[in-house]
Structure formats: structure tokens, C-alpha cells
Amino acid sequence: MKNIEILIIAFVTVISCASPVEKENVVVTGIDSSIRPGDDFFRYVNGIWYDSIKIPPSQSGVGAYMFMNHPQRLRLQKILDSVSKSKNSKGSVGQKVGDFYASGMDTTTINQRGYDPIKPLLSQIEDIRDTPSLMEFVAKEAKVYNNSIIAFWVSPDNNNSSINIAHVYQTGIGLPDRDYYFATESTILGMQEAYKKYLAKLFQLTGSSVEEAKNHAITVYDIEQHLATSHKTKVELRDVHANYNKMSVGELSEKHRNIGWAKLLNNLDAKTDSIDVAQPAYYDALNELLKTIPINDWRVYLKAKTIANYANDLSNHFVEASFEFTRVLSGQSVSETRSEKMASAVDHYLGEALGQLYVRKYFPEDAKKRMLELVNNVQKAYAIRIDKLDWMSDSTKQKAKEKLSFMTKKIGYPDTWKDYSSVIIARDTYFENIVSASAAEYQRQLSKLNKPVDKSEWFTTPPTVTAYNNPLANEIVFPAGILQPPYFDNNADDALNYGGIGMVIGHEITHTFDDQGAQFDKDGTVRNWWTDNDYEKFKMRIQQVVDRYNTFTVLDSLYINGEMTVGENTADIAGIAVAYDAFKMTKEGQDSTKIGGYTPDQRFFLSVARIWRVKMKDEFLHLWIKNNPHSPPVWRVNGPLMNITPFYEAFDVKPQDHMFVPKEDRITIW
């Protein structure tokens with residue numbers, strides 16, 4: 001058994017000042033000196049860039065963060081263009097990703113086939129005569145991720161994170177969220193009409209008359225609206241306990257006779273005697289709707305779901321119809337090129353195969369070593385911050401540091417790559433390649449059911465520009481895609497790296513201790529490790545974050561939803577604070593030598609603002625505010641910095657400045 005006391009004492013030792021060999025004086029460009037830093041730091045750092053940059057017509061935004069995935073796709077495209085033209089042995093990584101890409105680029109064959117690939121599915125739907133045959137079709141198609149009214153997956157049990165169990169989730173709608181079906185604001189009413197128009201177009205493309213297609217679209221929309229009524233809101237979905245409801249299959253079978261859980265699970269090939277029904281109200285409603293909605297209407301609904309699920313995999317008419325709806329949501333002017341779409345498709349279906357080629361070309365091993373040093377240093381700084389908290393008792397501090405010390409760190413790419421040997425890929429059958437990859441992935445997921453959790457598994461692909469915290473495994477993950485400027489530069493000074501990827505590291509660690517993560521223990525199981533008094537104090541501080549962010553606006557009158565974004569906002573505030581502490585333990589952090597006219601502290605905060613240098617279309621920003629748990633980029637800079645006293649000192653922020661918050665009102669949680 002590990003000695004926790006010794007482990008924690010070793011854990012909080014002073015951070016090493018070791019640095020990579022040679023640091024470049026990377027210049028931070030685009031500073032708008034006409035703006036006071038304390039009035040709008042986002043604009044101070046990014047304003048000149050923001051006002052001059054043009055969003056590509058095929059994109060909904062440009063810059064850092066998620067929009068770095070656009071240039072990433074161009075990198076992947078180059079890899080795929082090369083490997084698809086090479087001679088690769090059958091079954092090799094090169095053959096699978098190369099032939100998958102080539103099959104998707106063969107638009108001549110895809111257009112000639114029209115919607116032939118899904119005609120057998122539409123015929124099977126037409127043969128549905130009753131609820132049992134409907135549910136049989138639903139289960140069969142779920143095994144290739146052609147999902148409709150059941151969302152089934154396998155993942156760890158909240159109450160025993162060492163074992164994988166079966167879960168089902170609310171689903172069944174085509175608009176971004178349940179609220180879109182009931183909102184009355186003009187922007188969303190336009191989205192509702194665009195969605196109905198899209199559904200009607202899909203039916204026309206598969207042989208329905210204009211009038212029949214319109215009627216079918218109304219039928220589908222009405223069913224989705226019924227289903228949406230039972231959905232939990234995005235805020236309600238944040239409740240860890242309310243969204244875990246493990247039940248026996250016998251109990252569910254008795255309760256939901258129309259769904260028929262025993263037969264459904266059998267058709268899903270899922271051998272289990274219990275299942276977590278994350279949102280029971282949805283399945284209660286579905287059970288009733290299966291009885292009250294005519295079977296012919298359900299056939300129309302399933303056809304719509306099937307056509308929509310595969311629209312981007314069929315001929316160009318379907319792809320264009322899908323884009324016409326997407327552009328209303330995202331603001332894109334034109335569709336991405338075919339090669340960009342196919343790079344995304346290969347990354348989605350064969351992500352770790354493509355990832356092997358990506359890291360070989362773009363991710364040096366010394367970057368992984370440097371990144372691990374940064375992660376370890378921020379982790380150590382976090383432990384020191386916990387020790388200094390004035391609102392938390394010693395017993396809870398000990399538990400928090402224990403949890404922190406048990407955290408798993410994954411960097412760059414998996415130690416063991418996924419096995420795609422069961423995926424059959426040919427150069428002339430794009431649709432069938434997708435089905436084969438989907439079926440293999442479903443079977444891989446199913447093989448985990450009721451088995452011990454493999455904590456080496458990754459849930460993103462190496463080229464993706466992202467990072468995540470998985471509370472069920474108590475792990476933080478940084479794929480190779482994000483380990484590039486402006487987040488990480490192996491040759492840049494510490495100020496830029498700690499203000500960049502250091503902030504992201506601190507952010508992801510904080511998710512272990514945000515309003516949701518704080519409910520999981522060191523092993524990833526939902527278990528209380530707090531004293532009652534400490535947890536009440538914690539919730540009061542979390543509420544401060546909610547209240548502060550509820551006052552922030554974008555697009556003049558749209559308010560941030562503080563309840564929906566509280567986890568990410570908490571992580572932003574603490575992420576900057578702990579990254580700064582870690583930076584101050586480095587040689588540069590303890591120095592005052594200027595680079596490019598800025599002190600080390602100033603460069604740290606310039607880097608914080610630079611990593612959220614993003615410009616979006618208004619339509620996409622509207623979509624973001626309604627659905628994304630992160631605040632928009634301007635408030636990922638200005639919002640947290642309002643609470644960081646060293647920022648005030650670095651840029652001489654005064655009471656008359658717009659970002660100024662009195663010291664006693666600045667939020668500190670971790």
C-alpha cells in the first residue's frame with residue numbers, strides 16, 4: 001500500500017528550474033496601445049489582429065482554440081494526399097487511411113450511386129409494422145451508430161469507476177438543444193424553419209413530392225418536439241447525481257413495456273442485468289410516445305433520421321442540403337473543400353491510425369518531455385495553493401492533495417494504438433467503409449461491458465486541438481494537436497509557455513475540483529470526500545462565479561449563462577492563477593528582464609490573452625452562447641483576469657478601469 005503522507009510531501013517540493021536548451025525571444029505582435037489594458041485586455045492584446053483578420057468563407061471563425069483545427073485539417077490533408085497515392089500493404093495503417101480517404105475523394109462514384117447505399121435501410125423502415133419491429137430496427141442500426149431514439153454506450157460506473165457498465169442517454173432531436181423547439185426569439189425561429197426546410201429537402205431527394213415532403217417534415221418536427229419536452233436542460237445535465245440512475249433490466253422492462261428493454265438489449269448484443277438510465281424522463285416519455293404516435297409517423301421519423309445521419313456520405317445533392325441547414329446555424333458562407341471534409345472523416349473514423357502518421361511527422365519527442373515538465377510543475381503549484389487556502393479545513397486539504405497526486409497525465413498520443421484490423425476498407429466503397437468502421441467501433445465499445453476499465457484509453461485523437469479532464473479516471477489529457485503555438489512552443493520563454501499551455505494545464509486540473517469534478521474521488525468514483533462545512537463554503541464560492549458571469553454580455557444583449565458555464569469559468573479563473581504561481585517558481589518568473597519591451601509577468605498575461613485570439617461569425621457566436629459550456633473568447637480573457645491580482649500589478653490597473661474589481665470582491669476558489 002502506498003504511503004500517502006510521503007507521496008504528498010515529495011509532491012509539493014520546489015519546482016525545478018530546468019529549461020529547454022535555447023529559448024527564442026518570441027515577439028507578441030498585434031498589441032493595440034490605444035486601449036488601456038485594464039479596460040479590455042482582450043482587445044489590448046488582440047484588437048489589431050481582430051479588426052484586420054478575415055474569416056475564411058468556409059469557416060465560422062478564425063484564430064486559436066477550436067479554429068486551429070482548420071489548419072490542422074490542411075496538415076492531415078497533406079499526409080492523406082501522400083499516403084493515398086503510395087503503395088501500402090493490405091491491412092496496414094497506410095492502406096486503411098489512404099484508401100478510406102481515396103474512397104471519400106472519389107465523388108464521381110459517390111454521385112453516381114446517389115442514395116443507393118441507404119435504399120435497403122429505407123426499405124426496411126417501410127416494412128416496420130408495429131412497435132417491436134420498430135425497436136428491432138432501432139437496435140440494429142444503433143450498432144453502426146445510425147442512432148435515432150436510443151443513445152446507448154458503455155463507460156465507467158459513476159459509483160464504481162473501475163468497472164464499465166451500460167448507459168442510455170436522452171436523444172432523438174435534430175436541433176442543437178431542447179430549448180430550440182420552444183424559443184420564440186426571431187433568430188431561433190429562423191433556425192426552426194431552416195430545419196423543417198432541410199427535412200423536406202431530404203424527403204424530396206429520396207422521391208417524395210414537394211407537398212408530401214413538407215408534410216413529412218412537419219411530422220418529424222412534431223415528434224422531435226414531443227421528445228424535446230422530456231429532455232433536461234443543459235444546466236440540469238450538470239447535476240452529477242440526478243443524471244445517474246442505475247436500474248435493473250427487470251425493473252425497466254416492467255416500467256417500459258413498449259420499449260421492451262430485455263429484447264432491446266439483446267438486439268444490441270448487450271449482455272447485462274442493469275443499466276444506467278441517465279435521464280429517466282426521456283425514456284418514460286418515449287415509452288408513451290411509442291404507443292400514442294401512429295406507426296406510420298414513426299416510419300417517417302426513422303427515414304428522416306437515417307437520411308440525415310448519412311446525408312454527408314451520399315451524393316452531392318444531399319451534401320448541399322446538409323450544408324444549407326448548417327450555414328444557418330454557423331454562418332459559414334461556403335462549404336469546406338472535399339479534401340478538408342475527408343481529412344475530418346478519416347480523423348473521425350480511423351483517428352488513431354491517422355494519428356500515428358501525424359505524430360510521426362509533426363510531434364517531436366522532446367516536446368513531450370518538455371510538456372511533462374510543465375504539467376508536473378503546475379501540478380506541484382496546485383498542491384501549494386491548496387495548502388494556502390484560508391477557507392478549507394486541513395482534513396479536506398489532505399483529501400484534495402491526495403486526489404491531485406493520484407492524477408494521471410497523458411501527453412501527445414496513446415501508449416498503445418487502437419487496433420483497426422477488423423475494419424474493412426476499399427478504395428471504391430466510401431459508404432461501406434463508414435459502416436465497417438462504425439460497426440468495428442461499436443463492437444470495441446461493447447467488448448468493454450461489465451469489464452474492468454482500461455485507463456490507458458484516449459477519448460480524442462492525437463491531431464485534435466483540444467485538452468480534456470476525465471473525472472471518471474481522474475486524468476488530464478493533452479493531445480499532440482494542441483502542443484503548438486500559441487499554446488506551446490518548445491523554444492519559447494517560460495512566460496509564454498506558462499501563460500499559454502500552462503493556463504490550459506491549470507484549467508484542466510481545476511476540472512478535477514470544479515462543481516462537477518469535486519464530487520469524484522481520487523479513483524474517479526462519485527464519493528464525498530468533503531466535510532459538510534467545507535463543501536458549503538465551496539458552493540458559495542462557485543455561486544460567486546455564476547453570479548459574476550451572468551452579468552457578461554456578447555452581441556449587445558445576449559448574456560452568458562453562468563449556470564451552464566460555471567465549470568469552465570471556474571477552471572479559467574483557477575487555471576490562470578495556478579499557472580502564474582508555477583511560472584513564478586521558474587528562473588524567468590523570478591527575474592525582471594524585459595523581452596520585447598515587456599516584463600516576464602506582462603508576457604505571461606499577454607500569452608493568456610493570445611491563446612484565446614479568436615474571431616467568430618455572429619451566427620456561430622449565438623450558437624456558442626446557447627450551447628457551449630465555455631464562455632466566448634473575450635470573456636475567457638477579461639472574465640478571469642478581473643480576479644487575478646498580479647494582473648492588476650503587471651499592467652497598473654486602476655479603479656476607473658472597466659475591468660477593475662475591488663480586491664475583496666475578486667473570486668478565489670483554488
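Leaving out residues up to four places away in sequence, Gln-590 makes contact with Lys-584 and Met-585. The model examined here is a predicted one. In this model, Gln-590 sits in the loop that runs between α23 and α24 (600–610). Its relative accessibility of 59% places Gln-590 among the exposed residues, because exposed means over 50%. The C-alpha atom of Gln-590 is separated by 51 Å from that of Leu-175, a residue 415 positions away along the chain.

Asn-569 belongs to helix α23, which covers residues 562–584. With a relative accessible area of 0%, Asn-569 is buried. When residues up to four places away in sequence are set aside, Asn-569 touches Val-545, Tyr-549 and Ser-631.

The overall fold comes next. The chain contains 27 helices and 11 strands. Its radius of gyration is 26 Å, close to the 26 Å given by the globule rule for 670 residues, so the chain is as compact as a globular protein of that length. Of the 670 residues, 59% are buried. Among contacts with a separation of 6 or more, 75% are between residues 24 or more positions apart. The accessible surface amounts to about 27,400 Å², and carbon and sulfur atoms account for 52% of this area.

Charge is the next topic. Side chains of opposite charge can pair when their charged atoms come close. In this structure there are 37 salt bridges, and a few of them are described here.

One of the salt bridges joins Glu-185 to Lys-626, with 3.0 Å between the closest N and O atoms. Glu-185 lies in the loop between β3 (160–169) and α8 (186–205), while Lys-626 is part of helix α25 (residues 618–627), so this pair ties together parts that are 441 residues apart in sequence. Glu-185 is partly exposed, at a relative accessible area of 30%. Lys-626 is also partly exposed, with a value of 27%.

A second pair consists of Asp-284 and Lys-255, whose side chains meet in a salt bridge at 3.5 Å from N to O. This pair links distant parts of the chain: Asp-284 is in helix α12 (residues 280–292) and Lys-255 is in helix α10 (residues 249–255), 29 residues apart. Asp-284 counts as partly exposed at 28% relative accessibility, and Lys-255 is partly exposed with a relative accessible area of 42%.

Asp-179 and Arg-178 form another salt bridge through their side chains, at 2.8 Å from N to O. Here Asp-179 is partly exposed, with a relative accessibility of 36%, whereas Arg-178 is buried at 15%. The cut-off explains the assignment of Arg-178: its 15% counts as buried because buried means under 20% relative accessible area. Salt bridges also link residues into a network, made up of Lys-418, Glu-441, Arg-444, Lys-448 and Glu-457.

Finally, some details of the backbone deserve a look. The peptide bond that joins Pro-485 and Pro-486 is cis, with omega at about 10°. Pro-486 is located in the loop between β8 (475–479) and α20 (494–499).

Positive phi values occur in two residues described here, Tyr-145 and Leu-555. For Tyr-145, a residue other than glycine, phi is near 60°. Tyr-145 is found in the loop connecting α7 (131–142) with β2 (151–157), and it is partly exposed at a relative accessible area of 35%. For Leu-555, which is not a glycine either, phi is about 50°. The loop that holds Leu-555 lies between β9 (553–554) and β10 (558–559). Leu-555 is partly exposed, with a relative accessible area of 30%.

Note on methods. Residues numbered from 1 in each chain as written. Predicted model: local features only at pLDDT ≥ 70, side-chain atom pairs only at ≥ 80, totals over all residues. Heavy atoms only, no water. Helix = DSSP H or I, 4+ residues; strand = E, 2+ residues; numbered from the N terminus. Rg over C-alpha atoms; globule rule 2.2 N^0.38 Å. Buried < 20%, exposed > 50% of the residue type's maximum accessible area, 1.4 Å probe, protein only. Contact = heavy atoms within 4.5 Å. Areas by Shrake-Rupley, 256 points an atom, 1.4 Å probe, with all protein chains shown as cover. Salt bridge = Lys/Arg side-chain N within 4 Å of Asp/Glu carboxyl O.
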